[in-house]
Amino acid sequence: MRSNRMWLILIPILFLISSLATFLPSQQVHRDVPYVPSPYEVVEEMLRLAQLKPSDILYDLGCGDGRIVVEAAKRGIKKAVGIDIDPERIAESWENAKQAKVTNLVEFRQGDLFTADIHDASVVTLYLLTYVNLKLRPKLLSELKPGTRVVSHNYAMDTWRPDQTTTVVVDDSVHTVYFWIIPANITGTWNWNMPIDGKKIDCRLEVDQHFQYFQGRLIIGRDTVIVGETKLEGAKIDFLALLNNRDKKMNLNFTGLADGDRITGTIIVKSNNTEEKIPWRATRDPKTKKPLDTGEGAWR
Ligand SMILES: C[S@@+](CC[C@H](N)C(=O)[O-])C[C@H]1O[C@@H](n2cnc3c(N)ncnc32)[C@H](O)[C@@H]1O
């Protein structure tokens, strides 16, 4: 008798709980950006700008239904990874990968894009919002390898100017696609020595860098030269320096590859109608290195 009365109370409570659960989302997730899929025409343009190669590893941060990941895998890359905070999106992504028969080439991980391990990416795709891009910018610049390509649908990176921008019109609305190459961090002071007139002369390059742009002050022995025509693409460095003092006129063209605190490359030295190619091996004083992005521009 007593247990019957208990059920009379319990059944309406259980019913109320289950009806409430129907109206609530299956799991409460905090999204920094709502789910809006990129139209397939835009996905096509994003992957075209990314210049996919068979050796690429692509990450879509906030992957939605996994369409960018699946389309990248269909083009035959090494691996494509989608990260989304919403488990429903992850389930949809696996379903889409199954239908496209690319499950062996893809991975979908449920998690927060701000804490995801993305170090092995060679291409990163985004369809977020400007303030989310800005919050993410320090992570992209410090964790991704120089040369990694970043493509974003509709939202830019404020003072980090894109290397390329294109537009796609879909159903009368214009979509912008932005493209960047992660630059090596070459900030700070670099030292090496080079032979000039049979003597080894100490050289120092002081670099001030703003993302993929840099300025340099080159000190060769006792002469100071401002470097020009500076170019930084991923880890590839290129610049010119003109030494023009009373005793010496030299045109120096530096090209090299930055790898952490080392640069390896060549210097083409032109002087008095002669041209000589010499090795360039510079090392940085690690204490002089500064972060490319301190995150100060991001809205918190
Ligand atoms: C605008 S949609 C883009 C979907 C897909 N990249 C595309 O272009 O079709 C943004 C996605 O980011 C996810 N998202 C929002 N905040 C996130 C976070 N902090 N970490 C991971 N994913 C997040 C949302 O769930 C949503 O699926």
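How many bridges join β12 to strand β13, and how do the two strands run? The legends below answer this and describe further close-up views.

The structure is a predicted model, in which local features need pLDDT of at least 70, side-chain atom pairs count only at pLDDT 80 or more, and totals for chains, interfaces and linings use all residues. Residues are numbered from 1 along each chain as its sequence is written.

**View 1. The pairing of β12 with β13.** Strand β12 is joined to β13 (residues 236–244) by 4 bridges, and the two run antiparallel. Strands (E, at least two residues) and helices (H or I, at least four) are DSSP runs, numbered from the N terminus; two strands pair if DSSP finds at least two bridges between them. G228 has L240 of β13 as its bridge partner, and K231 stands opposite D238. The hairpin of these strands has 2 residues between them, and G234 takes a positive phi near 65° there.

**View 2. The open sheet.** The sheet contains 9 strands in the order β11-β10-β9-β8-β16-β15-β14-β13-β12, with antiparallel pairing. Because β11 (223–226) and β12 (228–233) stand at the edges with a single partner strand each, one side of each has no neighbour in the sheet. On average, neighbouring strands are turned by 25° against each other, direction ignored.

**View 3. The crossing of α2 and α3.** The axes of α2 (residues 40–49) and α3 (residues 67–74) come within 10 Å and cross at roughly 55°. Axes are lines fitted to C-alpha atoms, for helices over the stretch in contact, and angles run from 0 to 180 degrees between N-to-C directions. The two helices are therefore oblique to each other, a term for angles that are not roughly parallel (under 35 degrees), roughly antiparallel (over 145) or roughly perpendicular (65 to 115). V43, M46 and L47 of α2 meet R67, I68, E71 and A72 of α3 in the contact, where contact requires C-beta atoms, placed from the backbone, within 7 Å. These residues divide into 5 nonpolar, no polar and 2 charged. Ala, Val, Leu, Ile, Met, Phe, Trp, Tyr, Cys and Pro count as nonpolar, Asp, Glu, Lys and Arg as charged, and the others, Gly among them, as polar.

**View 4. The shell around the ligand.** The ligand is surrounded by 23 residues, of which S38, G62, G64, I85 and Y127 are the closest; a residue is included if its C-beta atom, placed from the backbone, lies within 6 Å. At least two residues of the shell come from each of α3 and β2 (79–84). The shell divides into 11 nonpolar, 4 polar and 8 charged residues.

Terms used
Two residues are in contact if their C-beta atoms, placed from the backbone, lie within 7 Å.
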